[in-house]
Amino acid sequence: MTNPYEAAYQQSIQDPETFWAKAAEDCHWFQKWDKVLDDSAKPFYRWFTGGKINTCYNALDYHVDDRGRGGRIALIYDSPVTHTIKKYTYAELRDIVARFAGALRDLGVTKGDRVIIYMPMIPEALVSMLACARIGAIHSVVFGGFAAKELATRIDDARPRVIVSASCGIEGQRVIPYKPLLDEAIRLSTSRPQSCVIFQRPQETATLLPDRDVEWDTAMQRATPADCVPVAATDPLYILYTSGTTGQPKGVVRDNGGHAVALKWSMKAIYDIDEDDVWWAASDVGWVVGHSYIVYAPLLKGCTTVLFEGKPVGTPDAGAFWRVISEHNVKCMFTAPTAYRAIRREDPQARLLQEYDMSGFRILFLAGERSDPATIQWSEKHLDVPVIDHWWQTETGWAIAANCMGLHRFPVKYGSPTKAVPGWDVRVLDPANEELPPGEIGALSVRLPLPPGSLPTLWENDQRFVEAYLSEYPGYYKTADAGMIDAEGYIYVMSRTDDIINVAGHRLSTGAMEEVLAAHPEVAEAAVLGVHDALKGQVPVGFVVLNAGVNRNSEEIIDELVAMIRDQIGPVAAFKKATIVKRLPKTRSGKILRGTIQKIADNREFKAPATIDDPVILDEIKGALEKIGLAEARK
Ligand code: COA
Ligand code: AMP
């Protein structure tokens, strides 16, 4: 017997045009599409070609003007670090966004221009994103924990006309000035923005450059509201840079039409959220989860979204999540497992939970990294609600696999994010592009076309898009995750097949870190690996070989290397440990034996591979790891 999930899934795969055309009727269109799925330029697929839409209109004006819900709370800003709670109705948010859109227009921003947003978790970040969408400009939000150099790389790739930033971010008790980072990034970049709009926060006043910078308040005072500009469904809404296998991040592009349709649909189908509900994604607007589920999907749906400027612990304690849920009557929340590990570590018995009324809370969703069964079970036990692991990527924009709570609830199998979401034809492939039978591990891949909302290409780089995602398995999108599907269709995501690691739910490239380490004048060779960490899931650890003849204090060199990564990639890399070794273990053909080093570091069983050039080196690696507290000391 079929259930609503099976019915939706079958139709989405067999007749995607009918399936998505129906979902699209839930959005406002200035002009209806000619074609639901345009496959005339394979392997590039486009959704809703010919259609004209505006994402900001759908997220704000539609609720105010078309549905008479302007008085509904759109946004709750909850900031324990500034002791602020502020609420905005849909009508209020629309008016602020329209005015800021006018301010951007006054600075010369027009349809198709890029605007970089480098901001902490404050309402003005959302306002900036939506204001860009309103006038058809393409935003690119850069996460605040990245260093100036990473920001510079993104400035050079996106070539923004304007950058919007704030005087500071607040990390727990610390005020982090943003403006010096921004100034340094612009100094490092070859493309220069015409203007920067700076939101001054009371905790830190930024010094402005008279010819380039303008204060947010001044820009707002001068501006008149801007109307929504209809754009093609296929026009880009945003670019979000994500770690690739080199220091050059990938500019994931998101279109307007398919994105609005898929995200709005997902709010009910996956998350079981209706427009009268309060929803909270505890992530950061700098990540895809923040784009999709702090900003766009909940506002497209017309429900209330919570913007939380705080941490799961320390702002002020491990009860912060429970306070937010009970105070704002949150129905469902979404975060990364690492956040729950942090809470569990501080309050293993969840004693702080007793202080709050959690009766309105229904479902906890986790993603961003593998959800370890212990964290799921702890959360299930204490919260007494379903805990739903789901799997997705920056590229896909929304979930590939989930227990779709608005369609049908399947029994949870720990270690699996459940089944493919409607729209996603997930297969497990072997290196010859053949499908593997149930239970066998291979490359998790998605048969083309990808559903609406997923990336149509990389920013100004169709070739890299094809090479990175579509070439290795012709006819499929390569997720770069390895895993399997069992006989009941449950998907298991095991590990990345490239050098991406997940540190506290943040996606980072070890290759990019190796590039930084290799630039140290005394380093001959470096490898960075993601080593298991009880809180953050993985943390990067560097293995460094020095040039012959270097005999400086190794502690000093390691401190320099740690500082280099912090300075060039950012504190978010959490790169704190490195060790100096005489040589890296390699195969006879010269490939670094990363898997073996990883096993030693994770205290797993390991065998010297037959191809190793010199097995003795493994003992040295083990000794070096013991010294820095990784790998168990020899008995
Ligand atoms: N601006 C500036 N610096 C930032 C930053 C930001 N937006 N976000 C993080 N950083 C800094 C932190 O201050 C920290 O710096 P430090 O090395 O000087 O202490 C460093 O980057 C690492 O930050 P983080 O990964 O957040 O580690 P943490 O130890 O401060 O906190 C957790 C650990 C688990 C509490 C935290 O990572 C967390 O809440 N994670 C939730 C996961 C999440 O939101 N994932 C997004 C995808 S769903
Ligand atoms: P990001 O692009 O930052 O969202 O990171 C995407 C990567 O995170 C995926 O390719 C996976 O490796 C990992 N990931 C995300 N969600 C899950 C999950 N539920 N289970 C296992 N891995 C996950």
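**Close-up views of selected sites**

**Figure 1. Tyr178 is buried, with a relative accessible area of 8%.** Buried is under 20% relative accessible area, exposed is over 50%, and partly exposed is in between, using a 1.4 Å probe and protein chains only. This is a predicted model, in which local features need pLDDT of at least 70, side-chain atom pairs count only at pLDDT 80 or more, and totals for chains, interfaces and linings use all residues, while side-chain values use heavy atoms, without hydrogens and water. Residues are numbered from 1 along each chain as its sequence is written, with chains lettered from A and ligands numbered from 1 in the order in which they are written. Rings of Phe, Tyr and Trp (its six-membered ring) are paired if their centres lie within 6.5 Å; planes under 30 degrees apart are stacked, over 60 edge-to-face, and the rest tilted. This rule gives 38 aromatic pairs. The pair of Tyr118 and Tyr178 is tilted, because the ring centres are 5.1 Å apart and the planes are at 40°. Tyr118 belongs to strand S6 (residues 114-118) and Tyr178 to the loop between strand S10 (174-177) and helix H7 (179-188), so that the two are 60 residues apart; helices (H or I, at least four residues) and strands (E, at least two) are DSSP runs, numbered from the N terminus. Tyr118 is buried as well, at a relative accessible area of 0%.

**Figure 2. Tyr271 and Phe334 form a stacked pair, because their planes are at 25° and their ring centres 6.1 Å apart.** Tyr271 is in the loop between helix H9 (257-269) and strand S16 (278-281), and Phe334 is in strand S18 (residues 332-335), so the pair ties together parts 63 residues apart in sequence. Both Tyr271 and Phe334 are buried. One aromatic cluster is formed by Tyr271, Trp279, Tyr293, Phe334, Phe365 and Trp392.

**Figure 3. Trp20, Trp279 and Tyr293 touch the most other members of the largest nonpolar core, which has 130 residues.** A nonpolar core is a set of buried Ala, Val, Leu, Ile, Met, Phe, Trp, Tyr and Cys residues joined through side-chain atoms within 4.5 Å. Residues up to four places away in sequence aside, Trp20 touches, among others, Val36, Trp47, Phe48, Val261, Trp265 and Trp398; contact means heavy atoms within 4.5 Å. A second, separate core has 49 residues, including Ile163, Ile186, Leu517 and Ile569.

**Figure 4. Lys179 lies in helix H7 and is buried, with a relative accessible area of 3%.** Neighbours within four places in sequence aside, the contacts of Lys179 include Ala166, Ser167, Ile198, Arg212 and Asp213. Pro180, also in helix H7, is exposed, with a relative accessible area of 52%. The C-alpha atoms of Pro180 and Thr207 are 8.9 Å apart, across 27 residues of chain.

**Figure 5. The charged end of Arg154 sits over the ring of Phe146, 4.6 Å from its centre.** The rule requires NZ of Lys or CZ of Arg within 6 Å of the ring centre and within 35 degrees of the ring normal. Lys419 lies over the face of Phe410, 4.4 Å from the ring centre.

**Figure 6. Ligand 2 is surrounded by 14 residues, the closest being His390, Thr394, Asp481, Arg496 and Arg507.** A residue is near a molecule or strand if one of its heavy atoms lies within 4 Å of it. A nitrogen atom of ligand 2 is 2.8 Å from a polar side-chain atom of Asp389. A backbone N or O atom of His390 is 2.7 Å from a nitrogen atom of ligand 2. In the side chain of Gln393, an N or O atom lies 2.9 Å from an oxygen atom of ligand 2.

Terms used. A polar contact is a pair of N or O atoms within 3.5 Å; within protein, one must be able to donate a hydrogen and the other to accept it, and residues adjacent in sequence count only if both atoms are side-chain atoms.
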